[in-house]
Amino acid sequence: MEISTKIMTKNTDKQAIDNLADNFSGYATLLRKIKQRVLIAQQRAIYAANEEMLRMYWDIGGMLQQSQEADGWGKKTLQRLSVDLKNDYSEIKGFSVRNMQCMIQFFNEYNQELTMVKGADSSIAQSMIAQLGEYNFWRIGHFGC
């Protein structure tokens with residue numbers, strides 16, 4: 001008995017809402033605008049997350065590259081880093097040896113491109129991080145990694 005009462009109440013509420021919507025001629029437009037704004041917010045959140053992920057990959061690639069140059073370590077160090085990072089950040093994927101090699105490649109290739117731009121005309125050069133926003137990478141694999 002209680003379930004049928006809830007269903008009837010929900011149907012009555014829906015009918016009342018539908019009647020209000022019918023009486024308000026701008027309702028459909030208002031609903032569409034709100035949905036559009038929600039969609040824009042969702043897209044901006046995705047872009048912001050992607051931008052920060054790119055910055056993280058680029059920064060890690062730079063740290064790895066600079067450390068490797070200074071200390072001369074090899075693949076075994078990447079293997080150990082991979083295990084330690086996976087243990088510390090088990091909820092985050094992307095710290096495999098291969099991915100870290102791709103991060104280094106991303107840093108090196110992008111760093112070379114920035115060096116060429118800065119060498120050509122420093123007035124048009126922006127900071128490296130600011131220029132990352134101009135690209136729409138979805139994953140590091142776009143560098144052939």
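Buried, in this presentation, means a relative accessible area under 20%, exposed means over 50%, and partly exposed is anything in between, with a 1.4 Å probe and protein chains only. By that rule Trp 58 is buried, and Phe 107 is buried as well.

Good morning, colleagues. The structure under discussion is a predicted model, in which local features need pLDDT of at least 70 and side-chain atom pairs count only at pLDDT 80 or more, while totals for chains, interfaces and linings use all residues. Residues are numbered from 1 along each chain as its sequence is written, and side-chain values use heavy atoms, with hydrogens and water left out.

Let me begin with the overall architecture. The chain has five helices and zero strands; helices (H or I, at least four residues) and strands (E, at least two) are DSSP runs, numbered from the N terminus. Along the sequence the pattern reads α-α-α-α-α. Of the 145 residues, 19% count as buried. The chain exposes about 10,800 Å², and carbon and sulfur atoms supply 56% of that area; accessible areas come from the Shrake-Rupley method with a 1.4 Å probe, and for residues only the protein chains shown count as cover. A contact here means heavy atoms within 4.5 Å. Among contacts between residues at least 6 apart in sequence, 54% join residues at least 24 apart.

I turn next to confidence. The term pLDDT denotes the predictor's confidence in each residue, from 0 to 100. Its mean over the chain is 79, and 63% of the residues reach 70 or more. Among the elements of the chain, helix H3 has the highest mean pLDDT, 95, whereas helix H5 (residues 128-132) has the lowest, 53. Over residues 136-143 the pLDDT is below 50, and this stretch has 13 contacts in the model beyond near neighbours in sequence. Where pLDDT is low, the predicted coordinates should not be read in detail.

Now to the aromatic residues. Rings of Phe, Tyr and Trp (its six-membered ring) pair if their centres lie within 6.5 Å; planes under 30 degrees apart count as stacked, over 60 as edge-to-face, and the rest as tilted. The count by this rule is three aromatic pairs. One of them joins Trp 58 and Phe 107 in a tilted arrangement, 4.8 Å centre to centre with 50° between the planes. That pair links distant parts of the chain, as Trp 58 belongs to helix H2 and Phe 107 to helix H4 (residues 97-120), 49 residues apart. Tyr 89 and Phe 95 form another tilted pair, 6.3 Å centre to centre with 40° between the planes. Is Phe 95 buried or exposed? Phe 95 is buried, at a relative accessible area of 7%, while Tyr 89 is partly exposed at 39%.

Ser 82 has its place in helix H3 and counts as buried, at 5% relative accessibility. The C-alpha atoms of Arg 98 and Gln 79 are 9.4 Å apart, although 19 residues separate them along the chain.

Side chains of opposite charge can pair when their charged atoms come close. How many salt bridges does the structure hold? There are two, a salt bridge being a side-chain nitrogen of Lys or Arg within 4 Å of a carboxyl oxygen of Asp or Glu. In one, Glu 51 pairs with Arg 55, their closest N and O atoms being 2.5 Å apart. These residues are about one helical turn apart because they stand four residues from each other in helix H2 (residues 27-71). Glu 51 is partly exposed at 31% relative accessibility, as is Arg 55 at 25%.

In the other salt bridge, the closest N and O atoms of Asp 84 and Arg 80 are 3.7 Å apart. Both residues lie in helix H3 (residues 75-88), four residues or about one turn apart. Here Asp 84 is partly exposed, at 36%, but Arg 80 is exposed, at 61%.

Finally, the surface. Phe 24, Tyr 27, Leu 30, Leu 31, Ile 34 and Val 38 form a nonpolar patch with about 510 Å² of accessible area together. Patches are made of residues with over 30% relative accessible area and no salt bridge, like charges being joined within 9 Å and nonpolar side chains (Val, Leu, Ile, Met, Phe, Trp, Tyr) within 5 Å.

Thank you for your attention.
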